[in-house]
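Hi,

Here's the two-chain model I promised to pass on.

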Amino acid sequence: MSDHVSAAGHDAADIDKHVRVYILVFVALMVLTIVTVAVSYLHLPVHTAVALALLVATVKGSLVACYFMHLIAEKKLIYAVLALTVAFFVVLMALPVLTTSNTFGIHE
Amino acid sequence: MEIPYTVELRRDTGLNNGKIGIWLFLASEVMLFGALFASYILIRVGAPSWPRGDTILNVPLATFNTIVLITSSVTMVMAWASLMRNKFGTFRLYMGATVLLGFVFLIVKYFEYTHKFHDGLWPRTNNFLAIYFTLTGLHMLHVIGGMAVNAYLWGPGAKLWKTNPTWFTNRVENSGLFWHFVDLVWIFLFPTLYLL
């Protein structure tokens, strides 16, 4: 039935377009996986290696979130929930930095 | 009593309740894994020396598992797209492939773990292995959980397709959101544990 319309308002042509994007994203993820592994064999300095690995992982993660999880076109409430999550996540990641900083109340 | 807003969208949010529920759950999952990542950073930064992951762990196997998990994310989203195209048979194929790829991931992980145990490398051996087993172990539990839900939707849960196809499609989408999150976590675990 080609004229199927879902509750989300997508029709068959929409889905065909989505599928083509999924395949492109899949190829991009594979290429980036190879890049991640290849870069690790270069034995770069730790700081550069960490920055590069996290950059590639962030690009890959964004592709998964935007296209497979449909965040590229989602409702405002989901964005609001995620914005709050990101804010708390940033604080969580900053905690180790703050606690290991000599200027933040920990004196050796 | 009928569960409200499983199919129709709430006027205030523009979403069905299942979708809001899964996103709130995923938000809590971000904090769970985030706490462990923060612990990892804290322990690693504070350690006088830290081994490179590839001197202890098997990078080719982990690369293979990364490819397996990314492929399973594609089959998962294709399963949902099949339902959106009203092709239940194709859904079954893609969803079956997703569950099978989950099994492949677990089998590879089993070999990785048993190899480590055989070499006398346990979580108690050092901080690196403690972090490695905790993060990958928790991730593996998520893979098992996702597989259980996907297997249910592939098997007995698929009966809903006959009576309420939109609700069933929404369930598959929500299960997919969880599965993609599991993939996303691995995308960060792989370089941080194995390659750095």
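In chain B, 77% of the contacts between residues at least 6 apart in sequence join residues at least 24 apart. For chain A the corresponding figure is 49%. Bear in mind that this is a predicted model, so local features are taken only where pLDDT is at least 70, and side-chain atom pairs only at pLDDT 80 or more.

Of its 196 residues, 53% count as buried, and chain B exposes about 8,500 Å², with carbon and sulfur atoms supplying 68% of that.

One residue I'd click on in chain B is B:N65, in helix α2 (residues 59-84). Buried or exposed, would you guess, for B:N65? With 0% relative accessibility, B:N65 counts as buried, because the cut-off for that is under 20%. Leaving out residues up to four places away in sequence, B:N65 touches B:V104, B:F105, B:V108, B:K109, B:E112 and B:W186.

Chain A has 3 helices and 0 strands, running α-α-α from the N terminus. It has 108 residues, 34% of which count as buried. The accessible surface of chain A comes to about 6,700 Å², and 75% of that belongs to carbon and sulfur atoms.

Now the interface. On the chain A side 47 residues are in contact, and on the chain B side 51. Together the two chains bury about 4,300 Å², 81% of it on carbon and sulfur atoms. Which three residues supply more of the area that chain A buries against chain B than any other three? They are A:I15, A:F68 and A:M69, with 13% of that area.

As for polar links across the interface, the count is 3 residue pairs in polar contact and 2 salt bridges. The elements that give two or more residues to the chain A side are α1 (12-40), α2 (46-68) and α3 (76-100). By class, that side has 29 nonpolar, 14 polar and 4 charged residues.

In one of the salt bridges between the chains, B:R85 pairs with A:D16, with the closest N and O atoms 2.4 Å apart. In another, A:E74 pairs with B:K19, and there the closest N and O atoms are 2.9 Å apart. A:E74 sits in the loop between α2 and α3 of chain A, while B:K19 belongs to helix α1 (residues 17-46) of chain B, so this pair joins two chains. Both A:E74 and B:K19 are buried.

Over all chains the count comes to 6 salt bridges. Within chain B, the side chains of B:R10 and B:D12 meet in one of them, at 2.7 Å from N to O. B:R10 is partly exposed at 28% relative accessibility, whereas B:D12 is exposed at 57%. B:D54 and B:R52 form another, at 2.8 Å from N to O. Here B:D54 is partly exposed at 26% relative accessibility, and B:R52 is partly exposed too, at 23%. Salt bridges that share partners also join A:E74, B:K19 and B:E173 into one network.

Cheers

Note on methods: Residues numbered from 1 in each chain as written. Chains lettered and ligands numbered in written order. Heavy atoms only, no water. Helix = DSSP H or I, 4+ residues; strand = E, 2+ residues; numbered from the N terminus. Buried < 20%, exposed > 50% of the residue type's maximum accessible area, 1.4 Å probe, protein only. Contact = heavy atoms within 4.5 Å. Areas by Shrake-Rupley, 256 points an atom, 1.4 Å probe, with all protein chains shown as cover. Buried area = accessible area lost by both parts, 1.4 Å probe. Salt bridge = Lys/Arg side-chain N within 4 Å of Asp/Glu carboxyl O. Polar contact = N/O pair within 3.5 Å; in protein donor to acceptor, adjacent residues only side chain to side chain. Nonpolar A, V, L, I, M, F, W, Y, C, P; charged D, E, K, R; others polar.
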